[in-house]
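Please look over the protein model shown here.

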Amino acid sequence: MRAMAWLRVVYGASELWTYAYSYLHDTPGSEWHWADLLAVAHELRRCEPLLVAPERANIGVLTGAGGAIRACVRDVGGVPYVITVNVSDDSTATRLVVPRIGAGRAIEIHDARTIVLGSDAIADSWQPYEVRVYRIERR
């Protein structure tokens, strides 16, 4: 569910639809769907500036891993963010080439991990359907 929501952001959505709470009453035993949906909604709400930020023009993120990682770059107040989603049910490690991001570091905003950027690239690994959002800090 989380990967699907963020994948819509990668493909340019600025709004997301969800299903109704009444679904729980019609299908007993599905309460966990509501908890998962609520967690994703809270996460997206905290990241709202990313949802409405413009995608960087003419910046295509080049990925390896056979296209398993989908990504886009968005600017929030002049700070670039790289949003990534592993669309595969396999773990994936690859380099994302992000033209013109330069030297610096990428900070994953959900777990605060820091990755040193090298040659306009982010090298990382993703679990199946994992989402990573990086804030780019330039030197």
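The report below covers the sheet, a helix, the cores and a few single residues.

## About the model

This is a predicted model, in which local features need pLDDT of at least 70, side-chain atom pairs count only at pLDDT 80 or more, and totals for chains, interfaces and linings use all residues. Residues are numbered from 1 along each chain as its sequence is written, and side-chain values use heavy atoms, with hydrogens and water left out.

Helices (H or I, at least four residues) and strands (E, at least two) are DSSP runs, numbered from the N terminus.

## The sheet

An open sheet is formed by 5 strands in the order β2-β3-β8-β5-β6, with antiparallel pairing. Two strands pair if DSSP finds at least two bridges between them. β2 and β6 are the edge strands, each with a single partner, so one side of each has no neighbour in the sheet. On average, neighbouring strands are turned by 25° against each other, direction ignored. Axes here are lines fitted to C-alpha atoms, for helices over the stretch in contact, and angles run from 0 to 180 degrees between N-to-C directions.

Strand β2 (residues 69–76) is joined to β3 by 8 bridges. Ala71 faces Thr84 of β3 across this pairing. The β2–β3 hairpin has 2 residues between its strands, and Gly77 there has a positive phi near 60°. On to the next pairs. β3 and β8 are antiparallel over 5 bridges, and Ile83 has Val133 in β8 as its bridge partner. β5 and β8 also pair antiparallel, over 5 bridges. Arg105 stands opposite Glu137 in β8.

## Helix α1

α1 lies across β2, β3 and β8 and runs at about 135° to β3; contact means heavy atoms within 4.5 Å. Its buried residues are Ala3, Ala5, Trp6, Val9 and Val10. Seen down the helix axis, these fall within an arc of 160°, so they line one face of α1. The arc is that of the directions from the helix axis to the C-beta atoms. Just after α1, Gly12 takes a positive phi of about 105°.

## The cores

A nonpolar core is a set of buried Ala, Val, Leu, Ile, Met, Phe, Trp, Tyr and Cys residues joined through side-chain atoms within 4.5 Å. Buried means under 20% relative accessible area, exposed over 50%, and partly exposed in between (1.4 Å probe, protein chains only).

The largest core has 16 residues, and those with the most contacts inside it include Trp6, Leu44, Ile83 and Val133. Two or more residues each come from α1 (2–10), α3 (31–46), α4 (48–52), β3 (79–86) and β8 (131–138). α1 gives the most, with 5 residues. A second, separate core of 14 residues includes Ile69, Ile101, Ala106 and Ile136. β3 is mostly covered, with 7 of its 8 residues buried.

## Loops and cysteines

Ala112 sits in the loop between β5 (104–108) and β6 (114–117). Its phi is near 60°, a positive value in a residue other than glycine. Ala112 is exposed, at 56% relative accessible area. Tyr129 lies in the loop between β7 (121–126) and β8. Tyr129 also has a positive phi of about 60°, although it is not a glycine. At 43% relative accessibility, Tyr129 is partly exposed.

How many disulfides does the structure hold? The count is 0, where a disulfide is a pair of cysteine sulfur atoms within 2.5 Å. Cys47 is buried at 9% relative accessible area, and Cys72 is buried at 1%.
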